[in-house]
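Biologist: I am new to this model and would be grateful for a close look at a single part of it. Please take the surface that faces the RNA.

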Amino acid sequence: MLEPRFVRENPDAVRAMLSRRGTKVDLDRFLALDTELREIQRRRDDTRAEQKQLAKQVPSLEGDERSAAMAKSKELGQSIKPMGKRIQELEAEFKTLHLAIPNMLDDEVPPGLAESDNVELRTWGDKPSFDFDIRDHLDLCEGLDLLDMKRAARVAGSRTYFLRGDLVLLELAVLRYALDLIASRGYLPLAPPFIVNRSAMEGTGYLPFGADQAYECARDDGFLIGTSEVPITSLHGGELLSEDDLPRRYAGYSACFRREAGAAGKDTRGLYRVHQFMKVEQVVFCHNDERESRQLHEEILANAEDVLQGLRLPYRVIALCGGDIGRSSAFTYDIETWMPGRDNYGETHSASRYYEYQARRLGIRYRPKGGGKPLICHTLNNTVVASPRILVAILENNQRADGSVQVPEVLVPFMGKEVLARAK
RNA sequence: GGAGGGGUGGCAGAGUGGUCGAAUGCACCGGCUUGCUAAGCCGGCGUACUCUUCACGGGGUACCCCGGGUUCGAAUCCCGGCCCCUCCGCCA
């Protein structure tokens, strides 16, 4: 969230941001609440100060003076109560609005509100050319009997799947390949809880918006994570970190769950958009320093690019426009990987920098080396690899005329074979 | 699921109705000292909000897991919740 003082002092900048994002928040109401709250809090504080003063005198007084002080103090106490009630009401409304204000955008965020306004920054790799009629991943898997979505639908509904045989091994291979790569760069692997509480969801900005996307375990007020960013960014919530070990780099390894509400009818074919997937995610905590944030953002982007380059998958890097960027993010790069079956690029990675936005919500701070006030950390994250979506690209880019699929060279050591075998 | 114990400042750990925002130790910061070596000495050192000052600074309120309550006055008493630990049971 943004610092209330910042919003108070820069309402025009906040309004400009809202319009760049094409979103609305009742900022006037927010500012009015802010003013009213501070005003009533001050009155409450003053009254309370007076009351405390009296209460403090009580033990040293006697007789009438004593009972007078007690009575007066009680009276003041009574008058404070309604103020407290009012403050609570106002605060609740204030908090709701506060959480609703998205992060400020960096200057270089491309203008525009539609997906088509995103800007392609660069491409890498040559799209494969096939001298035969290509199959998409679903057809390939069908031919090799590596996937069962029909029965999955019966067992678990739409957008679910059973991977079979070598496809299971391929998933494990690509995850392990990615995890090894990121770990070798100083990222600490973490296997986090897949169910988190409300405050972790709020802190990372997945609530209240995005509530539609999360599976809720209502009985226990828990939520299935849509990404390990949620538990891992929350890892240091409420902590005062030592500056010595900033930046901290983590590699989350988890299953992810998404309801895909509102995506009905979209990407219904195959493994592209599913309710459950596996992901290795990079999460970074760093100093309260924009330059460092930007530098690390390039780092996590490069890590992901290296994963794809290792796999020899063509991709492009795009900058998300104001209307397409997440509410918590100040700037987001997406990486889209070439998927011949779609005859298009498909999003496989998303790298965001948040500056203070998440860490402020979560209360993640560090004390600067020479002493002084604690500062709020910055956070960033990016995908390393997500499966099965990455399998779509791997399968389709490495298919052969006979419907078989070559295992990418870097995965062979993890697979123990060079070609996917039929499952039966 | 049953029984018990506990949640206090960066950490450890006192405090069970008033002068406690909170002892002490460690860590940290500033200074002094120093040939006697992970040293000693002196001083400082919570956070948030808010008011005030040109500034240095000063004032106020809140916070001892969270939320209610009792009281002139709550870290301390009462109620509810969350979390942690130990033992027993059950189970992967």
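Which of the 23 residues around RNA strand B come nearest?

Modeller: This is a predicted model, in which local features need pLDDT of at least 70 and side-chain atom pairs count only at pLDDT 80 or more, while totals for chains, interfaces and linings use all residues. Residues are numbered from 1 along each chain as its sequence is written, chains are lettered from A and ligands numbered from 1 in the order in which they are written, and side-chain values use heavy atoms, with hydrogens and water left out.

D45, R48, A55, S73 and Q88 come nearest among the 23 residues around RNA strand B; a residue is near a strand if one of its heavy atoms lies within 4 Å of it. By class, this surface has 12 charged, 7 nonpolar and 4 polar residues (Asp, Glu, Lys and Arg count as charged; Ala, Val, Leu, Ile, Met, Phe, Trp, Tyr, Cys and Pro as nonpolar; the others, Gly among them, as polar).

The largest share, 8 residues, comes from α3. At least two residues each are supplied by α1 (4-9), α3 (27-57), α4 (63-100) and β14; helices (H or I, at least four residues) and strands (E, at least two) are DSSP runs, numbered from the N terminus.

A side-chain N or O atom of K52 is 2.8 Å from a phosphate oxygen of RNA strand B, and for the side chain of R5 the corresponding distance to a phosphate oxygen is 3.3 Å. M70 places a backbone N or O atom 3.4 Å from a sugar or linking oxygen of RNA strand B.

Notes. A polar contact is a pair of N or O atoms within 3.5 Å; within protein, one must be able to donate a hydrogen and the other to accept it, and residues adjacent in sequence count only if both atoms are side-chain atoms.
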